[in-house]
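Hi,

Here is the structure I said I would pass on. Have a look at it first, and then read on for what turned up in it.

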Amino acid sequence: MLSLPRVAATGFLHLKLLSIYQLKQTHAQLIVNGLNSPSLAAKLIKQYCTLLAQQKNYCNARLVFEHFDKPNLFLFNTLIRCSPPKESILVFSRWASRGDLVFDDFTYIFVLGACARSPSVPTLWAGRQIHSWIMKCGTISNTMVQTTLIHSYASNKDVGSARRVFDEMVDRNNVTWNAMITGYCSQRGSAHDALVLFRDMLDDVYGAKPTDTTIVSVLSAASQFGVLDQEKNILTWTAMAAGLAIHGKGKEAIKLLDSMGASG
């Protein structure tokens with residue numbers, strides 16, 4: 001094989017390669033030139049995951065990680081983040097059982113995100129196992145990890161577990177509130193819970209503010225009420241409260257929601 005200069009070999013990774021053949025040639029040039037840094041290996045993993053997506057064969061991406069000098073957490077997280085959800089969960093489970101890596105917050109965020117994107121009964125079980133692993137490792141205090149865990153449970157139709165995680169959190173941001181409100185909206189019969197939680201968000205002592213995502217979710221919750229005339233009334237009230245909230249008038253929005261509840 002003709003060896004290219006190091007600069008040329010690494011330069012190919014910054015291009016959008018069009019075929020798996022081109023990527024394998026680039027990979028070979030990196031090996032020939034002795035280029036084996038984590039940043040270059042991460043670019044290889046990303047490119048392999050992109051080009052092999054249609055074939056649903058991610059062996060090459062895994063091999064880049066597994067054949068690195070020693071298990072590297074940065075490369076592992078890259079593999080989890082770039083692989084499709086089921087592959088990510090499988091890779092995580094395999095390495096969690098081996099115990100060769102000490103995972104960080106990013107690992108759990110990426111794998112729980114994979115669980116949220118691929119809802120199923122097996123995925124729910126996997127999410128519970130990951131939750132147990134996080135508790136054992138003592139990283140549950142990270143707000144983003146907890147928020148992604150809420151999203152994972154809610155996406156897999158276990159809003160009870162999602163709410164327990166939410167209630168146990170000491171610090172919640174607007175992403176956390178949105179994850180729980182959206183989780184309620186995704187479940188039939190939980191629209192009232194979503195609206196109650198929205199009202200609590202407006203009274204949050206940490207100052208979480210509604211966002212566009214919040215407004216879309218609460219309007220969706222309001223639209224789920226069955227009686228047509230009542231639905232129109234609830235939508236009107238909720239839209240007014242949402243408009244006040246997003247413009248920083250939380251107290252006025254709370255009063256409006258309380259009036260809505262009092263009027264039935």
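Let's start with a pocket. Helix 2 (20–32), helix 3 (38–51) and helix 4 each supply at least two residues to the lining of the second largest pocket. Helix 3 gives the most to that lining, with four residues. In total 16 residues line the second largest pocket, and His-27, Ile-31, Asn-36, Leu-44 and Val-64 lie nearest its centre. By class the lining divides into 10 nonpolar, six polar and no charged residues; here Ala, Val, Leu, Ile, Met, Phe, Trp, Tyr, Cys and Pro count as nonpolar, Asp, Glu, Lys and Arg as charged, and the others, Gly among them, as polar. The volume of the second largest pocket is about 260 Å³.

A word on where this comes from: it is a predicted model, in which local features need pLDDT of at least 70 and side-chain atom pairs count only at pLDDT 80 or more, while totals for chains, interfaces and linings use all residues. Residues are numbered from 1 along each chain as its sequence is written, and side-chain values use heavy atoms, with hydrogens and water left out.

Some terms before we go on. Helices (H or I, at least four residues) and strands (E, at least two) are DSSP runs, numbered from the N terminus. Pockets and cavities come from a 1 Å grid over the protein atoms alone: a cavity is a set of points where a 1.4 Å probe fits but cannot get out, a pocket is an open set with protein on both sides within 12 Å along at least five of seven lines, and lining residues have an atom within 4 Å of a point. Grid points are joined across faces, edges and corners, and a volume is the space filled by probe spheres set on the points.

Now the overall picture. The protein comes to 15 helices and zero strands. Of its 264 residues, 45% count as buried (under 20% relative accessible area; exposed is over 50% and partly exposed in between, with a 1.4 Å probe and protein chains only). Among contacts (heavy atoms within 4.5 Å) with a separation of 6 or more, 61% are between residues 24 or more positions apart.

Back to helix 4 (residues 59–66), which holds Arg-62. In helix 4, Ala-61, Val-64 and Phe-65 are buried. Those buried residues fall within an arc of 95° seen down the axis, so they line one face of helix 4 (the arc is that of the directions from the helix axis to the C-beta atoms). Their cover includes helix 2, helix 3, helix 5 (73–82) and helix 6 (85–98). As for Arg-62, leaving aside residues up to four places away in sequence, its contacts are Leu-79, Glu-87, Val-91 and Arg-94.

Next, the cavity. A search of the whole structure finds one cavity of 30 Å³ or more. Its lining is made up of Thr-123, Leu-124, Gly-127, Leu-149, Ser-152, Tyr-153 and Asn-156. Helix 8 (121–137) and helix 9 (143–155) are the elements that give two or more residues to this lining. Its classes are three nonpolar, four polar and no charged residues.

Leu-124 and Tyr-153 turn up again as contacts of Asp-158, along with Arg-128, not counting residues up to four places away in sequence. Asp-158 lies in the loop between helix 9 and helix 10 (159–168), and with a relative accessible area of 12% it is buried.

Helix 11 is mostly covered, with nine of its 12 residues buried. These pack against helix 9, helix 10, helix 12 (191–202) and helix 13. One of them is Thr-176, at 0% relative accessibility. Beyond residues up to four places away in sequence, Thr-176 touches Thr-143, Thr-147, Ile-150, Phe-166 and Met-169.

Cheers
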